[in-house]
Amino acid sequence: MLQKRWIRWGSLSLALVLAAGLSAYAASKPRKAVDWASLNAGFKDATFVNNAETCKSCHADAMHGYAGTVHARAFAAQPPAGSGDCESCHGPRSKHVENPTGALAIGEASRAQSAICLQCHEGGARFGWKAGAHATSDVSCTSCHTVMSKQSPRAMLTKATATETCASCHPEIRGELNKMSHHPIREGRMDCAGCHNVHGSNTALLTKPTQNDTCYTCHAEKRGPFVWEHAPVRESCANCHTPHGSNQRTLLTAKDPFLCLSCHNYGGHINLPRYNRTSNPYGNGCSNCHVTMHGSNHPSGAKLTR
Amino acid sequence: MKRTLIPLVVALVAAAALAEAQTKPATSDAAPPAPSTVISGSVTAGVLQVSNDTNSAKFTEYRDLRDKFYLPMVTFGALDASGGWGLEFSAANAAQNDQTILMRTGKPGVWTVQADWSGIPHNFSNKAVTPYINRGNGLFTVPATIPITFKKLATSAPDTANVLASDNLIAAYQTTYLAPVALSTQTNAGRFGFTWDGLDALSLGVRYDLRDTSGSKSGFGPIGDRPPRTLNVQLAEPVDYRTGDFTLSAEHQGRGYQLGAEFLFSSFANGTDTLKWQNMYTSAAAGADYDVWDRLVSVYGQRPLPPDNQYQNVTINGGVDMKGDSRLFGTVSIGQLDQNATLLPYAYGGSALLNQTLPRSTASASMTTTHAAVDYVFNPVRKLSVRGYFRQYSLGNDTPSSNWQYATQDTYNTNGSVSYVNKRTSLPIAWARQNFGAEATLRMAKRNTLTLVFEHEGRDFDHREANTDENIFRATWRYKPSSKMSTEVRYLYGGRTGSAYNNTVTHEGYWYTAADSPDNNNPAVTFDNHPDTRRYDVIDRGRQQVDFRLNLVPAESFSVSAYVRYRADDFDSGVGPSQPLAGTGLAEQNAVSPGNQLGLLEDGRMRYGVDLFFQPVPKVTVTAFLNFDKGTSAMKSLEYNENNKQNPSTIATAELGPWTRASSQWTSDTTDTTFGGGFGASFQVSEKGAALIADYTFSLADIDIAYGGFGTTNWDGTAFPTNHQFYFATPPTVSEDLHMFNLRFEIPVKMLFVVLGYGLESYSLNDWQQGSSAPWVEAVGADTLLRDTSRSFQWGNRLFNLGTYLSPSYTAHMGFVGLRCRF
């Protein structure tokens, strides 16, 4: 019954969007307009040439690498109305044809460069781009993506892989990937985009609103909920784990039992790293017995030992 | 669910097809140009030879490396240049455990079908051994039980001779019954999606993600109610997980606004519900499920494995562009988590003494999540950008709170009753977080940018010691005078305040009767955790972070960048002496705690590094990097006897003494350093494409824990002998060194490339926790039985495990010979 209610809510939401979209079909194709003159004053009064052969007459080398890209194929199938292929990104070039200099280059300011891409790509994962940490840190689309040639199998990245692309600005993370315990990123089994939406605006640019929601995407066995909850676990996996890499086992932030002892001080065997018990400093420490530290479904699971 | 979803998906696809049909351009009378389809691809095949001197699973932790013939890479592409349709296919390590298969086809900007499939092996150990036999469905038995002679769990009955004799019997048992056991999992993850973007105003998507994990991982099977009486064994816990996520999405783009919706249904299923293992130390009379020691001891232990669960979520996003290049963006998300597994009984078997009635037969666990966020970005004046934002996230818990017995299936009080302190109440843990703030970025002269941020975060918890409020300030200065240089300095300060710390909130997790009050340990009358303890996630915290980055690109062929990060967290919460028993009427209600904060006190991290790129000539590229990472943390705790909370003075001179004694405190300071680096070079040897590529990476890590206070010495300063049950001292440095070297040579031969590769890896590990050579632990017979060096009679200081150093050091060589063909 509960599932059916959720299905109805989801369907209703999708139907509303579908209705809005299809009802707008009859109107002219809306595309986010770009004020070219604000990006470079030289564009004032310029018009679109709308002929790729004109561009190719001087820029054949650049267009050779461009030809195999997804943009080239998309524009071949659906040429942008009015501007054509090249000028949809490079702006109206009538003045450049008259006087072929670099005067109409788009400035390096990230907002200027991103505005061009956002005229078509502000949807999906990029809904919140302008509010995200990358945009507000002056990162532009071209910081990570390259349009004129295919450097990566996916996503038009400047480097061969997403990990290399991210590491070019986040080198401190690369060092963590080589630690004893790590996600299989350096082995190529996953990449930064597995946990991060680099175009979004969530905290830490995670794919989901919270750390836990992000982790549950792959670790659904920890999602629960459980009869017995471990409160700091339910709030944030980062209370005990550091996801980029750790010199402790299973991405822990500290050596067990010291991690557990930072919060638990009941007395007896709980209070010492060694107390003549299987909580001793060998094996998995406290987890030798307290095996269900992520939550328990056993009637006697209050101490997370079942 | 299928009845609703299938028509919905069909409707979506039909809508897409209908719109696609309406977008087809009108045909003309002229003959269409002949379509041109370009086919391209490559195939690389070869033979891999591997040598791993210790067969350590660490070498193949996430990789399928073994002697084999295989296809490292296959690519295929078909492109209809005139129509825009394309097909891309790639398969790395096809048909291997670590394969990655990517397929995408469609018309860019119109529709896309994407299918990915990847394998993720996770090898934990190649040397684990166990006497247990996996009978399937979570059941583990032993071929024979151990005829131990010391059948006592009582804590007051030492019998050293029999205890040691039993240990020797266990040691002898190992030589007969230990057998290798696989300790690894294989995850296969697939993603199948269809996206339709045929209209500028509308795009639709449907996707299914499948994640299947199977194998075995390290787990434990404890039998017993309290640590002295714990019969503990490490097991190869079965893993049989399947997660399926179904996502529907739709997005509408209007003039200056976007609206999107997404529905997610996620289902997790575990093929094995219960772990059940035979107690190797017991033998039962015919028809009985327990052995008779001084207490009744169950012949099996059992515990539930991760239960099936479901998660559903609806998210609506919207963004609108407003005047002055401003934008308003918002998102609302509602989710629900459910789990309703049938609960195991308190006790295994039919013991009437333990089969007490459960408050409910199923978990009935349910949580709801709500998330809302609003961002507004605008430019009040030229060169000034401002962003205001608000976020709210709450996790509500609808799981019923019930009163339970801590009556395990095995050992309990000698009269069959359960201890009152183990009358436990399950609590519906819930929390909420609000963030709001403002950010201003000023673009100044000469490419200087200054960003100032203020943010407030408030967190409210149910059943936690405190709520928190934090004010965060950030300042960033960026300077990019030219394309050849950029620098950035960032400073963050966060001041978090916890509300009044309620140390007694844990009482909510117990249910008591009037008759329970006299017990000396009664947490309801006294306290749960020591009154000076502060749990670091809900207390005051002062944090500071400084970042510095410098990028220099003096030429296209040369660049260097450097960074420094320093972060320090201080959890000082102004703890002072307290009287936790005040007002209770107890004889020692005026007893005072030492007043030194216990728990995590400080945490810091320093990172710095440098990256280099150099291309002296077009045919030669050199890269190098170095990074240093150092983490430090400090904590404090205090050892005391939990059975004397009401009368601490009566044990004033005992080793396991009172909670009021400052000299029972201990401290640990951890330093965790990692020094890493790498070097890479590629040389194009000839114009025909012959190339030599080499790279070397290293990572050297050390962990030092400086331990002092109680444990190294007694409370009176007397040194503990190393085999004392409380002895602990600064352990040896944990070190982990990894070196990886790879060399590849590609030689063109007519239409092919011959690929020759060599790899060398060296990994060394020394970790006192993984071994049995520390002063506090010893192996008995084999390293599968670890015992505290005190050799106390209590079963709780023995651990029957899968072995030590399950993924040890190794030196490995890899050689590859192959051919690559491009077409």
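This is a predicted model: local features need pLDDT of at least 70, side-chain atom pairs count only at pLDDT 80 or more; totals for chains, interfaces and linings use all residues.

Modeller: Happy to! Residues are numbered from 1 along each chain as its sequence is written, chains are lettered from A and ligands numbered from 1 in the order in which they are written, and side-chain values use heavy atoms, leaving out hydrogens and water.

Back to our pair: the side chains of A:Lys44 and A:Asp45 form a salt bridge, with 3.8 Å from N to O (a salt bridge is a side-chain nitrogen of Lys or Arg within 4 Å of a carboxyl oxygen of Asp or Glu). Now set beside that the salt bridge of A:Arg234 with A:Glu229, at 3.0 Å from N to O. Here both partners are buried: A:Arg234 has a relative accessibility of 4%, and A:Glu229 has a relative accessible area of 13%. Chain B has salt bridges too, including the one where B:Lys151 meets B:Asp291 at 3.1 Å, N to O. Over all chains, the structure holds 48 salt bridges.

Some salt bridges cross from one chain to the other: there are 12 between chain B and chain A. One of them joins B:Arg327 to A:Glu122, whose closest N and O atoms are 3.2 Å apart. On the side of chain B that touches chain A, 89 residues are nonpolar, 76 polar and 50 charged (Ala, Val, Leu, Ile, Met, Phe, Trp, Tyr, Cys and Pro count as nonpolar, Asp, Glu, Lys and Arg as charged, and the others, Gly among them, as polar).

How far does this meeting extend? In all, 215 residues of chain B are in contact with 120 residues of chain A, contact meaning heavy atoms within 4.5 Å. The two chains bury about 14200 Å² between them, 56% of it from carbon and sulfur atoms (buried area is the accessible area, with a 1.4 Å probe, that two parts lose on being put together, summed over both). In chain B, the residues that lose the most area to chain A are B:Tyr62, B:Pro108 and B:Gln769, together 5% of what that side buries.

Within chain A, the domain assignment gives domain 1 (124-207) and domain 2 (214-296), with bounds from an automatic or database assignment. Their centres, taken over C-alpha atoms, are 29 Å apart. These domains of chain A bury about 990 Å² between them, and share 0 salt bridges but 5 residue pairs in polar contact, both at pLDDT 80 or more.

Finally, the cysteines: there are 0 disulfides over all chains, a disulfide being a pair of cysteine sulfur atoms within 2.5 Å. The sulfur of A:Cys166, which is partly exposed at 21%, lies 3.6 Å from its closest cysteine sulfur, in A:Cys192, too far for a bond. For A:Cys169, partly exposed at 45%, the closest cysteine sulfur is in A:Cys144 at 6.4 Å, again too far.

Key:
A polar contact is a pair of N or O atoms within 3.5 Å; within protein, one must be able to donate a hydrogen and the other to accept it, and residues adjacent in sequence count only if both atoms are side-chain atoms. Buried means under 20% relative accessible area, exposed over 50%, partly exposed in between (1.4 Å probe, protein chains only).
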